[in-house]
Amino acid sequence: MIEKIEKKERMKIKRAEMPAQKPEDRVRNFNEVPFGLTAEQAITEAARCLECKKAPCIDGCPVEVDIPGFINLILEKDFAGAARKIKQTNSLPAVCGRVCPQEEQCEIKCVLAKKFKPVAIGHLERFVADYERENNLVQIPAVAAPTGKKVAIVGSGPAGLTVAGDLIKLGHDVTVFEALHKPGGVLVYGIPEFRLPKNIVQAECDVLKDTGVKFENSTVIGKMETIDELFEMGFDAIFIGTGAGLPNFMGIPGEQLIGIYSANEYLTRSNLMRAFDENDYDTPIIRGKNVAVLGGGNTAMDAVRTSKRLGADHSYIVYRRSEAEMPARAEEIHHAMEEGIEFHMLTTPIKFIGDDQGRVVQMECLNMELGPPDDSGRRRPVPIEGSNFIMDVDLVVVAIGNSSNPLIQSTTPGLETNRWGNITVNPDTMQTSRPGVYAGGDIVTGGATVILAAGAGKKAARAIHTYLSNGAPK
Amino acid sequence: MPRVVDNIQIGPLTWKMRVEVPRLVAKAKAGQFVIIRVNEQGERVPMSIAGLDGEQGLLTVIYQVVGKTSALMTTVENGGEISDCVGPLGLASHVENWGTACVVGGGIGIAPVYPIAQAYKEAGNKVISIIGARSKDILFYQKEHGEVADELYVCTDDGSEGHHGFVSDVLVKLLKDGAPIKMIMAIGPVPMMRVVAKVTKEFEVPTWVSLNPLMVDGTGMCGGCRVTVGGETKFACVDGPDFDGHLVDFDVLTSRLNAYKDQERKAMKKLLEDPNCRLTKAVREFTYPGENKA
Ligand SMILES: Cc1cc2nc3c(=O)[nH]c(=O)nc-3n(C[C@H](O)[C@H](O)[C@H](O)COP(=O)(O)OP(=O)(O)OC[C@H]3O[C@@H](n4cnc5c(N)ncnc54)[C@H](O)[C@@H]3O)c2cc1C
Ligand SMILES: Cc1cc2nc3c(=O)[nH]c(=O)nc-3n(C[C@H](O)[C@H](O)[C@H](O)COP(=O)(O)OP(=O)(O)OC[C@H]3O[C@@H](n4cnc5c(N)ncnc54)[C@H](O)[C@@H]3O)c2cc1C
Ligand code: SF4
Ligand code: SF4
Ligand code: FES
């Protein structure tokens, strides 16, 4: 047992190592890779925290979780209390503890980061949230007296779920409309089971349901009802959290060949439709032997690690810049390398080649070198002339980003968007150009992170509450 | 979960299902489609709208058993439920009063051209309907089309009913004889749509076809439904399903439809061997074209 100990002593404790499945085991299953800290590990890790007065870690967290506050409750072994503390500002700790890029958010700001390793804030966040859920200690939040106001939420990703959770507690009548047959957005269709088990997302949605949030799945707003028709149906305010779901392709010859997927399609087949479990689920998926994933972000890492688990002999990341520019989380790149993913840096495909059945069999590539920095501040890759070479591939996953899906924007007159089709909002209130209509998450920012989407949801919920409390005009 | 009012066999391997989805029906228009999921483990399968009953809130889809999911659909009982029915998806067919318009339906395509014929008629057009199938017993909706069309032509490949030959033959004859057709909507198997588009190009009559690539979400999120039209990539679920038949690359469409052929056949074989599944005798005897039951 660890009592409160001196600062000096605390700094001698080594950062907890997350127990995880061995790479050779995990490439053969879809179970979650890290097992989670043990209670003992969590308490020891919590003891490392110096409980700084002006905790800089909090500044690194987009939703300002009271980090020393919840860590202190872990030391007191009040794990469920710690989870509740986090939930005061972050409604999805089990998710964020797993998928937040902590190394560039809360943990990078930790005072221990300079001389030692930062406190494992993410691991601790995950630990307490799992503890609370697995021991059935999740409390259904108290709900204020009904206000008689109705709110429609379009899209059930982290942004929409956060708005729903905040507004239901304030006594509003909340309905979430989701196009797919399951709520969760990218959390269910994009991020694989081995990084974020789907029962965790389901549990989060179940709590919202038990609190009174109504879910209408398989409802595409813009096709079923438009935003204006939702108002006519009696909704007083609307939040749009439809995400960035329109896959970009390379626009090079051969892209229509069989065996070329967008990452969205590949991951949706495997995650939402559970094609990886071919004995129990009906949706098919191509299981390549030589798989090339184009891109260097989280999505690319998820796709390439999925391909290995689906039986690939060789799974490649093909990225046009160098490793230093890869936008994926360090932890994901590390996991991918451990799993035997082969990295082809400074490489870009220029053409896909098919067989007589129309299936992709090869990919012609060019080598690149880094030139001067471009608009994004990263060094621009320039093709090396004559460096063409051929790669044998039977599956290619294009993971070069998404644009905004225009379904809502094109059916909502007066809703302003920027030149990329993202909805423009007042950054303080998340209000759009239409009164009573708010938006947040990837539909506003373009592809970002779970916690930024959830943070936008928080802000929008506050503004919607103010709007409704001041008597929303009908 | 949406309630299936009835699900009845109307041909050797053809069924008609009516689903109670009043909100969807209130919004749906001819030419759009829905995506159905039969059960929790099931695929999401797109189905064209074959009829809309606004008063009762009923959607009609007509489907053919071609594999596992369509076979499973036949086991849904009258008054039963399916997991999901999402829509209306895609863009509605373009409808205006051109004077004389023609719909061409081949095989299962006879179903979706019916509400389009109705819409053309309501817009004030004289409607010519040409419907055809391999043989008489596969034909359906002759009566329904007859009630809407000003002129109805029925054909079968084997001559067992109506004109002996293809729908495209009838269409060519009409065009040669100077029928004042200003607009054509053709839906059916890819080879049929390809031929129709080819002949109408010679006569320079605008021709729409409804494309049926493989789909997953149906909202523009996955890009699996991409088709090549006029050299450009389009997503059939949001930019279509109707496209200018003279610009469609039918080779790409045909090839992409075969993406999962082996897996599909394996899944169907397993289902047909499952004694617990309530498949009718007709479905149990299913074979793929050009394949004999071993
Ligand atoms: C593969 C992948 C891996 C990622 N990994 C990470 C990670 O490790 N860490 C991290 O922080 N971030 C990660 N991200 C980014 C993160 O998931 C997103 O930033 C976040 O999910 C955005 O949340 P959102 O609520 O804005 O939208 P989304 O999660 O995209 O949800 C939007 C929802 O709206 C629905 N919808 C769309 N249109 C309509 C409509 N018209 N009517 C009804 N519903 C509609 C969609 O079906 C979807 O369910 C990843 C993204 C991907 C794709
Ligand atoms: C917009 C649209 C509208 C459609 N309307 C109808 C309809 O009204 N009636 C009807 O019977 N069918 C319709 N289809 C086709 C129908 O979706 C498929 O027949 C069905 O998904 C087959 O599933 P399965 O498991 O029974 O067969 P599988 O074993 O999966 O497939 C057998 C063959 O059917 C074709 N197919 C498979 N999946 C699809 C798919 N998602 N889309 C198109 N073709 C597919 C392929 O060529 C495949 O090789 C439509 C398809 C689209 C895209
Ligand atoms: S929500 Fe994310 S950034 Fe904030 S403390 Fe938790 S892990 Fe860190
Ligand atoms: S900065 Fe680090 S040590 Fe200080 S309170 Fe935050 S987590 Fe604890
Ligand atoms: S079906 Fe996914 S984009 Fe069309």
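**Close-up views of the predicted model**

**View 1. Strand β4(B) contributes the most residues to the shell around ligand 2, namely four.** The model shown here and in the other views is predicted. Three elements of chain B, β4 (45-48), β6 (58-64) and α2 (68-73), each supply at least two shell residues. In total, 22 residues surround ligand 2. The closest are P46(B), S48(B), T69(B), S70(B) and E264(B). By class, the shell holds 13 nonpolar, six polar and three charged residues.

View 2. For Q64(B), a polar backbone atom is 2.9 Å from a ligand oxygen. E43(B) places a polar side-chain atom 3.2 Å from an oxygen atom of the ligand. On its own, ligand 2 has 830 Å² of accessible area, and the protein covers 88% of this.

**View 3. Ligand 3 sits among residues of chain A.** Its surroundings include C61(A), C96(A), C100(A) and C106(A). N90(A), Q102(A), Q105(A) and E125(A) also belong to the shell. Eight shell residues are nonpolar, three are polar and one is charged.

**View 4. An open, parallel sheet in chain A has five strands.** The strand order is β6-β14-β7-β8-β9. Strands β6 (260-262) and β9 (342-344) form the edges, each pairing on one side only. From one strand to the next, the twist averages 20°.

**View 5. Strands β8(A) and β9(A) pair in parallel over three bridges.** V318(A) has H344(A) in β9(A) as its bridge partner. Helix α15(A), residues 298-309, packs on the sheet and touches β7, β8, β9 and β14. The direction of α15(A) makes about 170° with that of β8(A).

Terms used. Residues numbered from 1 in each chain as written. Chains lettered and ligands numbered in written order. Predicted model: local features only at pLDDT ≥ 70, side-chain atom pairs only at ≥ 80, totals over all residues. Heavy atoms only, no water. Near = heavy atom within 4 Å. Nonpolar A, V, L, I, M, F, W, Y, C, P; charged D, E, K, R; others polar. Pairing = 2+ DSSP bridges. Axes fitted to C-alpha atoms, helices over the stretch in contact; angles between N-to-C directions. Contact = heavy atoms within 4.5 Å. Polar contact = N/O pair within 3.5 Å; in protein donor to acceptor, adjacent residues only side chain to side chain. Areas by Shrake-Rupley, 256 points an atom, 1.4 Å probe, with all protein chains shown as cover.
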